[in-house]
Amino acid sequence: MTRIIFHCDLDCFFAAIEIRDNPQFKGKPVIIGADPKGGKGRGVISTCNYEARKYGLHSAMPISRAYKRCPHGIYLKPDGKKYYKVSREVMGILETYSEEFQKVGTDEAYLEVTNITNSFVKAERIAKKIQKEILSKVGITISIGIAPTKSLAKIASDENKPNGITIVKPDNIHEFLKDMDITRIPGIGKKSKVYYYKNGIRKIGDIISKPLPKIMKLFGKHGSWIWKVVNGLDNRQVKEFHVDRKSISAERTFYTDTDNFNEILSRFEEINESIHKSVIKHQITYKTVTLKIRFEGFQTFTRSKTLPFHIQDKDYILNIILDLFREFSNSNKKVRLLGIKLSNFERNSKTRQTNLAKYALI
Ligand code: TTP
Ligand code: MG
C-alpha cells in the first residue's frame, strides 16, 4: 500500500518571524545571527530571508563575510524565546491534522495521512489547508513535500520554497530525483559527498542506475541506506517518539552548544512535556528514568535511576532528571544534546483519536 507522508518545513523561520513583526523589513535582506559590528563581528548567520540569499548568504556563514557581501542588510540578534513560542503554535496546528505526527526540529515536522486518504489530490488539498491555517493564525509561510516515504517528503519540501507544495508520486520518484546533486539526500553531508564524488557519483541518477550490490561494495551500509532512500524503500514510521515495547525516549540538540543552566532546564522541561503527552496517550507507567547528555566534542553519557514502583508523574521525572544532571553541572564543557528515556514500563490498551472534524471540508 502506498503511504502518503508530508514533510512540513517553515520558510526562513527566524527571519520570517522578524519580518512578520516588523513589516517595514519586507522586501529587504534580513539576516538573523551574530552582530556584524561593521564587518569585524565574530560568529555566524542563524538564518536569512530569501532576499539575503540572493547575495549568497546562508545559515552558518561567518557574519563578517556576510557583511562584506551585503552591508546594507538588516542584521538582527536571534530572539530564541519568541521563536520557540511560534514553533509551539505551528506544531500545535500541525498535530491536529493527523495522529501520526513527528516534530523533528523547531521548524519541521512529518505528518502521515495514509489513514485519512489514499489520494494525492486530496493530500494536496490538506496541504493547502495547512498552509492557509498557519498563515492566517501565525502569519508565516511553510513549504510542504508530499511523498510515499519520509526521506522523499523531506527532499520534496525543499524543492519549491518558499510557500511551496511538491508532490512525488510512487511512479515519479526516479524522474523527480535523477538530476539532483547527491547532497540533496538527507544523510549525505559535506564529508560523505567527497567519497561519493571520488567514485564518480554526483547526481542521484548515478545511484539509481546502479544495482544494490555494487553500491554496497563501494559504500557499505551507508550506501545501502542511500540506495533504499532513492528507490522509495525508506519504511521508517512517522512518530513523535521512539517508542518500542521496552522504552520511550526523546532527545533534542541545541543549535548552539550551551552551558547556560536556564536553557538546559527549559530544554529538559520541553522534552519531558512532550514525552508525557505520549505517555498519557499510550497509558504507560514506568520505573526507570534515564538521562542522556552529550557534550561538545560528542562525549556522551547516560545515567539512570530505577524506582521500586511504577509511576506516571511528569514533575517527579523532572526532579529525577535534574538530580542525575547534578553530576555534570560543574563540568566546564558546553552541552550539545539532552535526552530523556523512560523504560521498564507497563502499558495498557492504546487509545487513538483522529481529529475527523479537520477533514469535514476536504
Ligand atoms: P532551516 O529550516 O534549516 O532553515 P530556514 O527555515 O531558516 O530556511 P528554509 O526556508 O531553507 O527552511 O532551519 C530552521 C531555523 O533553525 C532557522 O530559521 C534558524 C535555525 N538555524 C540556525 O540557527 N543555525 C543553522 O545553521 C540552521 C541550519 C538553522
Ligand atoms: Mg525551514
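Two strands pair if DSSP finds at least two bridges between them. Strands (E, at least two residues) and helices (H or I, at least four) are DSSP runs numbered from the N terminus.

This is a predicted model: local features need pLDDT of at least 70, side-chain atom pairs count only at pLDDT 80 or more, and totals for chains, interfaces and linings use all residues. Residues are numbered from 1 along each chain as its sequence is written.

**Exercise 1.** Work out which strands pair with β7, and in which sense.

Solution.
- Start with β1. It runs antiparallel to β7, and 6 bridges join them.
- Take Phe-6: its bridge partner in β7 is Ile-146.
- Turn to β8 (residues 165-167). It pairs with β7 in the parallel sense over 3 bridges.
- Here Gly-145 has Thr-166 of β8 as its bridge partner.

**Exercise 2.** Decide whether the faces of β7 are buried or exposed.

Solution.
- Buried means under 20% relative accessible area, exposed over 50%, partly exposed in between (1.4 Å probe, protein chains only).
- In a regular strand, side chains alternate between the two faces of the sheet.
- One side of β7 holds Ile-142, Ile-144 and Ile-146, the other Ser-143, Gly-145 and Ala-147; all are buried.
- With 6 of its 6 residues buried, β7 (residues 142-147) is therefore largely enclosed by the rest of the structure.

**Exercise 3.** Find where ligand 1 lies relative to domain 1 and domain 2.

Solution.
- Domain bounds come from an automatic or database domain assignment.
- Domain 1 (5-11 + 84-172) and domain 2 (15-80) both give residues to the shell around ligand 1, so the ligand lies between them.

Notes. Chains lettered and ligands numbered in written order. Heavy atoms only, no water.
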